[in-house]
Amino acid sequence: MVDNNSTDGTREFLADYEDAELEVVTLDQNLGGAGGFEIGMERAYELGADFVWVMDDDCYPEEGALKQLLSDHAEARNTLDRDVPFACSLVKFIDGSLCEMNNPVTSWDWPRAFVMGASTFLVCECTFVSVLFPRHVLREHGLPLREYFIWYDDKEYTKRLSAAHGPGVISLESEVIHDMGVNAGVNYRQVNDTNIWKFEKGARNQASYRYHREGGMSYLNYFRRVVVQMRQGKVSKPLRRRMIRALLRGRTFNPSPRFPTERTQ
């Protein structure tokens, strides 16, 4: 577990929590969601974990969620006769409906494993609400990009793995609940003074990925979509200018992944 420099009493609670199987990594600086995932995955690797199960702090796994992920990952790997770089859970909102922000993106041949007898569908990107990674992908492809701080670090990482190994899978019987307050996806029409800091980082991060990994046309199409949606949502001009500057920063923002080391303590 990573305590990302929390200020709500979590540090004190965990200091008194006794569980021999729980290791807490306490950070003295808030590295954002991306930095927390990077640190946690690195520590799990150092401890010799065969798999790393990544979850948000507001994710509640249903009973058997991890067991099902492990089972479906092995089944998909054997059925497809290839490496499967990740397996993600089905994410629901607190009322049992589909969580709008956490829909994985399917591959063009998404039913392939299912048609071949597995119980999973192929996905090429997903969020970090609940996703399982085998150890070797961390060794071969590094860790999530802490510099992203928040938003799109999960998409960049799973897309990175899918490009190298082929798609991962979604385990439809591994269910988790995402208690995120409002069941809504990312919508640039809703940029406001309160959430602009997250939208700025998300726009910079996705613009960076598109420009450096997919090319200028992908970047321009994304740029246009953000601008059009903000105009449709009547986002104020000062906030629109901030978002445009974030999109432009994506052209020079291009961090490289760190790789975990082989340590046992």
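This section describes a helix pair and selected salt bridges in a predicted model.

Helix α8 (residues 216-232) and helix α9 (residues 237-249) approach each other, their axes coming within 11 Å and crossing at roughly 170°. This angle makes α8 roughly antiparallel to α9. On the α8 side, the contact involves Y219, Y222, F223, V226, V227, M230 and R231, which meet R240, M243, I244, L247 and L248 of α9. Classified by residue type, the contact of α8 with α9 comprises ten nonpolar and two charged residues, with no polar ones.

The structure contains 15 salt bridges. One of them pairs E38 with R146, the closest N and O atoms lying 2.6 Å apart. Because E38 belongs to helix α2 (residues 32-46) and R146 to the loop between α5 (135-141) and α6 (153-165), the pair ties together parts that are 108 residues apart in sequence. E38 counts as buried, at 1% relative accessibility, whereas R146, at 27%, counts as partly exposed. Both residues also belong to a network of salt bridges that links E38, E42, R146 and R258.

R160 is bridged to E156, with 2.7 Å between the closest N and O atoms; the two residues both lie in α6, four residues apart, or about one turn of the helix. Both R160 and E156 are buried. K159 forms a salt bridge with E214, in which the closest N and O atoms are 3.4 Å apart. This pair links distant parts of the chain, as K159 lies in helix α6 and E214 in helix α7 (residues 196-214), 55 residues apart. K159 counts as buried at 14% relative accessibility, while E214 is partly exposed, with a relative accessible area of 39%.

Definitions and conventions:
Residues are numbered from 1 along each chain as its sequence is written. This is a predicted model: local features need pLDDT of at least 70, side-chain atom pairs count only at pLDDT 80 or more; totals for chains, interfaces and linings use all residues. Side-chain values use heavy atoms; hydrogens and water are left out. Axes are lines fitted to C-alpha atoms, for helices over the stretch in contact, and angles run from 0 to 180 degrees between N-to-C directions. Angles under 35 degrees count as roughly parallel, over 145 as roughly antiparallel, 65 to 115 as roughly perpendicular and the rest as oblique. Contact means heavy atoms within 4.5 Å. Ala, Val, Leu, Ile, Met, Phe, Trp, Tyr, Cys and Pro count as nonpolar, Asp, Glu, Lys and Arg as charged, and the others, Gly among them, as polar. A salt bridge is a side-chain nitrogen of Lys or Arg within 4 Å of a carboxyl oxygen of Asp or Glu. Buried means under 20% relative accessible area, exposed over 50%, partly exposed in between (1.4 Å probe, protein chains only).
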